[in-house]
Amino acid sequence: MDTTPEPVSRRTFATCAAAAAAGFVLTACGPKRLYDVPRERLRQLVRDMEREYSSKYGKDVTVSDAGPQPGVLFGYALDISRCIGCRRCVYACVEENNQSRDPQVHWIRVLQMDKAHGVDFAHADEYYEPELVPEDGKFYVPVQCQQCEDPPCTKVCPTGATWKEKDGIVVIDYDWCIGCRCCMAACPYGARHFNWKAPSIASKDVNPSMHYLGNRPRPKGVVEKCTFCIQRVRAGRYPACVEVCPVGARKFGNLLDPDSEIRYIIEHKRVMVLKEELNTMPKFFYFYAT
């Protein structure tokens, strides 16, 4: 019996190579998003995380998988005339969301600007360090994820690791993020941050109330960002930055509720969004109350 293999034609080789490439892509991507995971499988993942984190940090850790509620679309508003640039929001965010302390990762940036020039991002100072705030002749514009209705970041992700939830929160599944940083390049607001190393947090500083898509510890080599404190707002609480603001400059609520404060602001105040010309339709609104 002749066992000599038949020669492979160029067409056969090309066909096989294309099929192999397609199979690799489909296998590598698998179920693209969290909501594609069967519910019982997700609950098992959450239970495994709780055991792992509880053991690692020496305290009882809970990991929520609470999903969006029907009839809820979250929105945020910030009163530029009230913000005093104290940065309490920045550090409340760090503590609530288990961000790394070394190196420090900040999901909120507070930009100092000159009143004489108005809103001018090209000359804003992110690293101001006066003894007292607010400084004469200055005003402050905090910037964080704008939770766009049409987010450019989700369109470029090659693995489907980031998407917009039904309540408007743009989330990241850290287990699916491959750290390519395409989303960072696509975000016009500089709201996404890359983990160059695993977050460094002392056990005593870890917030044990976590959400699968929110403030659970991020592994090295993934992207993270503001989630409106998903672990809080889906439990009926305000984001940490809203609670801590000493002058009430930050407002938050359900855009679909006609009686909510956020709706009142949008309907009765002069409201602005960043980079409106890009048509990303942020759900983070700036306004002047006075």
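Glu 149 lies in the loop between strand S4 and helix H4 (152-156), in a model that is predicted. With a relative accessibility of 32%, Glu 149 counts as partly exposed. Leaving aside its neighbours within four places in sequence, Glu 149 is in contact with Leu 73, Lys 164, Thr 280, Met 281 and Lys 283. The C-alpha atoms of Glu 149 and Gly 168 are separated by 6.8 Å, although these two residues are 19 residues apart along the chain.

In soluble globular proteins, nonpolar side chains tend to be buried together. The largest nonpolar core of this model has 53 residues, and those with the most contacts inside it are Val 63, Phe 228 and Tyr 286. Several helices and strands each supply at least two residues of this core, among them helix H2 (39-57), strand S2 (74-79), helix H3 (88-96) and strand S12 (284-287). Helix H2 gives the most to this core, with 5 residues. Apart from this core lies another, of 11 residues, among them Ile 172, Tyr 174, Cys 177 and Phe 194.

Which residues does Val 63 touch, not counting those up to four places away in sequence? They are Val 46, Met 49, Glu 50, Tyr 53, Met 210, His 211 and Tyr 212.

**Helix H2**

At 1.5 Å a residue, the 19 residues of H2 should span 27 Å, and the end C-alpha atoms of H2 are 27 Å apart, which agrees. The buried residues of H2 are Leu 42, Val 46, Met 49, Tyr 53 and Tyr 57. These residues cover an arc of only 60 degrees around the axis, which puts them on the same side of H2. An α-helix has 3.6 residues a turn, so residues three or four places apart point the same way. On the other side of H2, Arg 51 and Ser 55 are exposed. The buried residues of H2 pack against strand S1 (62-64) and strand S8 (209-211). Just after H2, Gly 58 takes a positive phi of about 70 degrees.

**An open sheet**

An open sheet of 4 strands has the order S10-S2-S12-S11, with mixed pairing. S10 and strand S11 (271-272) stand at the edges, each with a single partner strand, so one side of each is left without a neighbour in the sheet. S2 and S10 pair in the antiparallel sense over 5 bridges, and Leu 78 has Arg 250 in S10 as its bridge partner. S11 and S12 also run antiparallel, joined by 2 bridges, and Val 271 stands opposite Phe 287 in S12.

**The cysteines**

| Cysteine | Closest cysteine sulfur | Distance between sulfurs |
|---|---|---|
| Cys 157 | Cys 180 | 6.1 Å |
| Cys 187 | Cys 153 | 6.2 Å |

For Cys 157, the 6.1 Å to the sulfur of Cys 180 is too far for a bond, because a disulfide is a pair of cysteine sulfur atoms within 2.5 Å. Cys 187 is likewise in no disulfide. Is Cys 187 buried or exposed? At 14% relative accessibility, Cys 187 counts as buried, because buried means under 20% relative accessible area.

Terms used:
Residues numbered from 1 in each chain as written. Predicted model: local features only at pLDDT ≥ 70, side-chain atom pairs only at ≥ 80, totals over all residues. Heavy atoms only, no water. Core = buried A, V, L, I, M, F, W, Y, C linked by side-chain atoms within 4.5 Å. Buried < 20%, exposed > 50% of the residue type's maximum accessible area, 1.4 Å probe, protein only. Contact = heavy atoms within 4.5 Å. Expected span 1.5 Å × (residues − 1). Arc of directions from axis to C-beta. Pairing = 2+ DSSP bridges.
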